[in-house]
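I opened a new notebook page for this structure. I wanted to look up its core, its sheet and its confidence scores.

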Amino acid sequence: MNAAPHNQGGFLGSPKGFTLIELMVVVGIMGLILAMGAPTLYRFFHKEGFRKSVGDMMEACSTARSRAILSQTTTELVFHPQQRSCEAAGGTTGGWGGWAASAKFEDDVVIEMLDVNLSEYKQAEEAHVRFFPNGTCDEMTLILRVGTEWRKISLELTTGLASLETDPNKWK
């Protein structure tokens, strides 16, 4: 008596697992997806040029505000328009680890406007923006340009928070 062979794969004649061809197709598709997404991920984590200048400026404003509030002393963001840079001054670092707050604008970035408390400082040696312990700050508007790209960074007086605008048509 010949008994029918026992099938362990489920259906009669179907093998268990994947074939080498199926695995290679899946790995190939995953490689394509990774290759298409890699440049976007790289740009996201490695800022350069104009994006870096704007990001550094936003970070410097945020750090100066935080330093003023946490140390309960007035902190200044000191601009050097001719050297195309700024840094935080004042405010004790105390137990907060010696925060560094600075920004250096790339060579192709043009400072179109730097207003502090409604006075123009674009051609000045220095401009000071104060951040106070209660979270308020001086009024500041900074407009940066590279080619046809524009960015406006402004500080909200009552909260000391920096905002970024990219549409020059709204600034008029």
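I started with the largest nonpolar core, which has 28 residues. Such a core is a set of buried Ala, Val, Leu, Ile, Met, Phe, Trp, Tyr and Cys residues joined through side-chain atoms within 4.5 Å; buried is under 20% relative accessible area, with a 1.4 Å probe and protein chains only. Met57, Leu77, Phe79, Phe131, Met140, Leu142 and Leu144 touch the most other members. Helix 2 gives the most to this core, seven residues. I took helices (H or I, at least four residues) and strands (E, at least two) as DSSP runs, numbered from the N terminus.

This is a predicted model, where local features need pLDDT of at least 70, side-chain atom pairs need 80 or more, and totals for chains, interfaces and linings use all residues. Residues are numbered from 1 along each chain as its sequence is written, and side-chain values use heavy atoms, without hydrogens and water.

Five strands form an open, antiparallel sheet in the order 5-4-7-8-9; pairing takes at least two DSSP bridges. Strand 5 (119–120) and strand 9 (162–165) each have a single partner strand, so one side of each lacks a neighbour in the sheet. Strands 7 (140–146) and 8 (149–155) pair over seven bridges. Leucine 144 stands opposite arginine 151 in strand 8.

Last, I checked pLDDT, the predictor's confidence in each residue, from 0 to 100. The protein chain averages 83. Over residues 93–98 it stays under 50. Where pLDDT is low, the predicted coordinates should not be read in detail.

How values were computed:
Buried < 20%, exposed > 50% of the residue type's maximum accessible area, 1.4 Å probe, protein only. Contact = heavy atoms within 4.5 Å.
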